[in-house]
Amino acid sequence: MSDKERRWKCGKCSQELVQQKVVFNYLGHTFSHDLPACPDCGQVFISKELAEGRIAELEEELEDK
Amino acid sequence: MREIKRRTYSVCPVCLKRIPAIHAAYGKTVYLEKTCPQHGDFAAVIWRGLRDLETWRGNLPEIEEGENENCPRACGLCPEHRQGTCCVLLEVTKRCNLNCAFCFAGGGSGEDIPFATLRKHLHDLAEPGKTLVQLSGGEPTVRDDLPRIVAAAKEAGCQYVQLNTNGVRLAEDREYVRNLATAGLSFVFMQFDGTSDRIYRTLRGRELFAVKKRAIENCGLYNLGVTLVPTIVPGVNTDNIGGIIRFAVKHSPAVRGVHFQPVSYFGRFPFLPSDSRRFTLDELLAAIEDQAGELVSRDSLHPSRCDHPLCGFHGDYLVMQDHTLYPLHKGESSCCQTVTAVQNRNFVARRWRRPKAEEAASGKQEESGADNDIETLEGFLRRIRSHSFTITAMAFQDAGNLDLERLRSCSLHVYSDGRFVPFCAYYLTKQA
């Protein structure tokens with residue numbers, strides 16, 4: 001089962017995470033991305049797939065040479 | 001009042017012997033001064049004081065006594081050289097189809113290097129999966145077998161193959177461009193001195209602006225990214241710097257950036273330089289700000305951290321649909337942290353190369369307006385793949401202003417007789 005298909009619960013609130021548009025800041029740039037987030041406390045889940053894929057790509061592009 | 005700012009080593013411009021040198025400031029202007037016991041005193045302006053030199057350079061160490069003592073006489077890389085090879089330049093011919101007033105290689109007439117010799121050189125110089133090789137000359141495109149040389153470079157394991165060219169044949173011969181692309185050419189560095197024929201008549205002896213535009217168009221047809229390379233010469237094209245940047249941005253994504261090279265005096269040049277014939281790195285920075293300030297913010301251009309900070313700078317951007325530039329790196333950049341040649345190579349190659357066909361499919365969405373959005377992670381990454389843009393500069397050194405502190409950090413090397421020779425050491429020319 002992929003991270004996308006799995007149902008995750010918030011470790012703090014035990015609420016099931018729901019897909020939300022999340023805004024985040026990285027090296028001075030602001031982006032939005034749909035991520036599973038806790039409807040109560042807002043904690044988000046970043047999957048291994050996302051971290052090693054898109055976010056790693058972003059890091060490579062934005063780290064100054 | 002004269003103030004000694006820094007101690008280094010240089011060469012005598014007449015006999016090329018290694019001699020001590022200093023950076024001497026007269027007010028804000030800084031000169032490299034040196035004395036040859038045999039040929040006398042020499043000075044060349046190196047900084048006009050338009051930015052703070054100390055801040056720009058950062059806290060790099062001076063050359064200590066006893067360090068780099070065989071530099072540049074014994075170049076090939078020695079254990080004391082401080083940087084690896086980012087790009088390696090291989091001359092494939094001495095011939096050229098232009099006769100320029102300025103030419104670092106002094107090209108024109110002479111022989112092609114036999115294909116078998118080149119293939120051996122490529123196998124010897126390539127680190128499979130890593131090397132960025134620049135095919136240079138002379139003018140490489142005078143060779144009908146250049147596509148075969150490109151293929152040989154790929155076969156030898158070169159990851160990136162760059163063509164340094166004046167663009168004349170690329171404009172005239174579309175089939176030739178297609179063959180280069182098919183053979184595996186990664187990107188093109190094209191001499192591009194300005195947006196008016198007056199400039200080309202002065203520097204290159206003929207009108208070439210239409211030719212340059214056609215060459216860009218032909219490269220675009222086969223998905224070959226083109227970086228424009230202006231030689232900046234005082235009194236000729238220093239007032240066209242903003243125009244060149246605007247032209248390049250307008251021709252994105254076929255054009256991937258501009259790589260400025262302030263004139264240096266080696267190879268073939270028409271006269272010995274006075275200080276007014278030099279264009280320092282800080283003059284170039286100021287000219288970009290003055291002439292293209294609406295596109296390029298001052299804090300988006302950063303000193304080189306792969307080569308010495310006095311050797312170049314870079315700025316990285318996205319080209320937006322309205323032909324503005326969105327800077328990827330802003331603010332103070334740390335120049336005390338050196339970047340390895342490998343990091344630098346991967347970074348520049350990603351920028352200069354156009355995405356492959358499957359990635360470029362996102363470029364079609366762009367035309368419909370769907371991809372101008374850089375606020376979503378997906379949109380930003382798509383835009384960076386299709387429309388990244390760089391403004392870079394490389395200030396080559398000649399016998400007048402050669403600073404061995406800079407030379408020992410050089411990452412652009414010429415392959416010759418089994419050795420990797422720093423570019424400015426290889427082309428160093430006596431000024432008699």
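This is a predicted model: local features need pLDDT of at least 70, side-chain atom pairs count only at pLDDT 80 or more; totals for chains, interfaces and linings use all residues.
The secondary structure of chain B consists of 14 helices and 17 strands. Its radius of gyration is 21 Å, close to the 22 Å that the globule rule gives for 432 residues, so chain B is as compact as a globular protein of that length. Along the principal axes, the C-alpha atoms of chain B occupy a box of roughly 65 × 50 × 40 Å. Of the 432 residues in chain B, 52% are buried. Among contacts in chain B with a separation of 6 or more, 73% are between residues 24 or more positions apart.

Two helix pairs of chain B were examined. In one pair, helix H2 (residues 115-125) of chain B and helix H3 (residues 146-155) of chain B have axes that come within 9 Å and cross at roughly 25°. Because this angle is under 35 degrees, H2(B) is classed as roughly parallel to H3(B). The crossing of these helices, H2(B) and H3(B), is right-handed. On the H2(B) side the contact involves Phe115(B), Leu118(B), Arg119(B) and Leu122(B), which meet Arg148(B), Ile149(B), Ala152(B) and Ala153(B) of H3(B). By class, the contact of H2(B) with H3(B) contains six nonpolar and two charged residues, with no polar residues.

In the other pair, the axes of helix H8 (residues 241-250) of chain B and helix H9 (residues 281-292) of chain B come within 8 Å, with a crossing angle of roughly 65°. This angle makes H8(B) roughly perpendicular to H9(B). The crossing of H8(B) and H9(B) is likewise right-handed. From H8(B), Ile241(B), Gly242(B), Ile245(B) and Arg246(B) meet Ala287(B), Ile288(B), Gln291(B) and Ala292(B) in H9(B). Five nonpolar, two polar and one charged residues make up the contact of H8(B) with H9(B).

The loop between strand E11 (255-262) and H9 of chain B contains Pro273(B). Pro273(B) has 18 C-beta neighbours inside 10 Å and therefore counts as partly exposed. Not counting residues up to four places away in sequence, Pro273(B) touches Tyr265(B), Arg278(B) and Gly400(B). Pro273(B) also lies 9.6 Å from Gln431(B), C-alpha to C-alpha, although the two are 158 residues apart in sequence.

A further loop, between helix H11 (357-367) and helix H12 (377-387) of chain B, holds Asn372(B). With 15 C-beta neighbours inside 10 Å, Asn372(B) counts as partly exposed. The C-alpha atoms of Asn372(B) and Arg383(B) are separated by 7.3 Å, the two residues being 11 residues apart along the chain.

The contact of chain A with chain B takes 11 residues from chain A and 16 residues from chain B. On the chain A side, strand E2 (29-37) and helix H2 (54-62) of chain A each supply at least two residues. The largest share of this side, five residues, comes from H2(A). By class, the side of chain A that touches chain B has three nonpolar, three polar and five charged residues.

Methods. Residues are numbered from 1 along each chain as its sequence is written. Chains are lettered from A and ligands numbered from 1 in the order in which they are written. Axes are lines fitted to C-alpha atoms, for helices over the stretch in contact, and angles run from 0 to 180 degrees between N-to-C directions. Helices (H or I, at least four residues) and strands (E, at least two) are DSSP runs, numbered from the N terminus. Angles under 35 degrees count as roughly parallel, over 145 as roughly antiparallel, 65 to 115 as roughly perpendicular and the rest as oblique. A crossing is left-handed if the near helix is turned anticlockwise from the far one by less than a right angle, and right-handed if clockwise. Two residues are in contact if their C-beta atoms, placed from the backbone, lie within 7 Å. Ala, Val, Leu, Ile, Met, Phe, Trp, Tyr, Cys and Pro count as nonpolar, Asp, Glu, Lys and Arg as charged, and the others, Gly among them, as polar. A residue is buried if 20 or more other C-beta atoms lie within 10 Å of its own, exposed if 12 or fewer, and partly exposed in between; C-beta atoms are placed from the backbone. The radius of gyration is taken over C-alpha atoms; the globule rule is 2.2 Å times the number of residues to the power 0.38.
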